[in-house]
Amino acid sequence: MTSPTPDPLSETEIPPAQSGLPDLSGMPSGWVVRVPTREDVDALVSLSEAHQQMAKGSGSVDTDVIESNVAGKGSWTRHQSLVTDAEGSVLGWATTHDRAGGRTLVEVTVAVEGIADSDADALAAALFTWAEEAGRVIASGRELPGTQLDSGAYADDQRQRRWLAAAGYRQTRTWLQMSRPVTPKEAEDGVLPAVREGVTIRQVAKHDTGLPVAADLQTVHRMLEESFTDHFNSYRESFPEFLSRLREDPGHRWDHWWIAEIEVDGELVPGGALVATVVPPDASGAFGTYVDYIGVHRLARGRGVAKALLHTVIRDAAERGNNRVGLEVDDDSPTGADGLYVSLGWVTAYKTESWHRDITND
């Protein structure tokens, strides 16, 4: 079984701008700090998998995502630093991602083995300090007075949580990482509930060239922006930023974008949207689907739009031979949003946390 061909632009390589490198003063002799290259991808996959194994008991990293972030489209909006020991083994990796105006994502990963605890603490502190300065460079480039640094940790990763607190971050939210199995039978008519009357779900329209119609992409963006205005830490992401960021993911496919339309006074108007990506094969060799975004406009709520979108992505996954659909939901939401997903067969695999720090260029 093969996945659809990814966007060929993912092979393009343009070096990202950098904002200096971390200060390794006082750390063991022979340590080197530099910008990662394509040749480091395998080592970074191993670093990330070892961290996941320690933090949540299992490790599975998409090599294509790592490669994109290091040397593909994902690198264009990231500042990065890599630290190796005297033998060239990777000890740490930090990235700051210019996601949107006033929002900078920070990721710091330090090796689990081959490094003393005291050295790991010092290295993490140096990488978080560098990420803060990179965040200021990003804010300055956007002519902003500051930015929010948005980082995170697995809920059971006490080491990462301790480093975040020491770097001045505060824990702001907990997220449920959920998954639902998909069976081939769910591709058959009548197995999943029918869409409620007055609701229509369709993929974004395409031109004869196979490229999506711009008006539909703009509708998806508008539906998601307006659906999340009352959600935690909501912020405005421009249409070009939204489009560019989603296309950075090697799992991006245009045929994983859906629009929900509702009937109002005899006319169909947009009422919600869902964007998903392809997930690499698991141990069985089957691909999966991941729901990056699902939004229902407040004017369309209570009409079964969310269920219709979710049933659509489940059926689509089954038709493609995928065996699972994953998503993330806010565990701290007062609406109890996870209840809908549980009722439709999703279960929590593990929890993650958001940690934030606001910085200025004073």
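Let's start with one residue. Gln 52 sits in helix α1, which covers residues 41–56. Keep in mind that this is a predicted model.

Is Gln 52 buried or exposed? Its relative accessibility is 13%. Buried means under 20%, so Gln 52 counts as buried.

What does Gln 52 touch, leaving aside residues up to four places away in sequence? There is a run of contacts at Gly 57, Ser 58, Gly 59, Ser 60 and Val 61. Tyr 154 is also on the list.

Now another helix. Helix α3 runs over residues 117–141, 25 residues in total. From first C-alpha to last, α3 reaches 36 Å. That is close to the 36 Å expected at 1.5 Å a residue. Just after α3 comes Glu 143, with a positive phi of about 60°.

Step back to the whole protein. The secondary structure comes to eight helices and 12 strands. The C-alpha atoms fill a box of roughly 70 × 45 × 45 Å along the principal axes. The radius of gyration is 21 Å, and a compact globule of 362 residues would come out near 21 Å, so the two agree.

Inside, buried residues make up 48% of the 362. Take contacts between residues at least 6 apart in sequence: 71% of them join residues at least 24 apart.

Last, the surface and the charges. The protein exposes about 16,900 Å², and carbon and sulfur atoms supply 50% of that. On charge, count 33 positive side chains and 55 negative ones. The centres of those two sets lie 5 Å apart.

Key
Residues are numbered from 1 along each chain as its sequence is written. This is a predicted model: local features need pLDDT of at least 70, side-chain atom pairs count only at pLDDT 80 or more; totals for chains, interfaces and linings use all residues. Side-chain values use heavy atoms; hydrogens and water are left out. Helices (H or I, at least four residues) and strands (E, at least two) are DSSP runs, numbered from the N terminus. The radius of gyration is taken over C-alpha atoms; the globule rule is 2.2 Å times the number of residues to the power 0.38. Buried means under 20% relative accessible area, exposed over 50%, partly exposed in between (1.4 Å probe, protein chains only). Contact means heavy atoms within 4.5 Å. Accessible areas come from the Shrake-Rupley method with a 1.4 Å probe; for residues, only the protein chains shown count as cover. Lys and Arg count as positive and Asp and Glu as negative; His and the chain ends are not counted. The place of a charge is taken as NZ of Lys, CZ of Arg, CG of Asp or CD of Glu. The expected span of a helix is 1.5 Å times one less than its number of residues.
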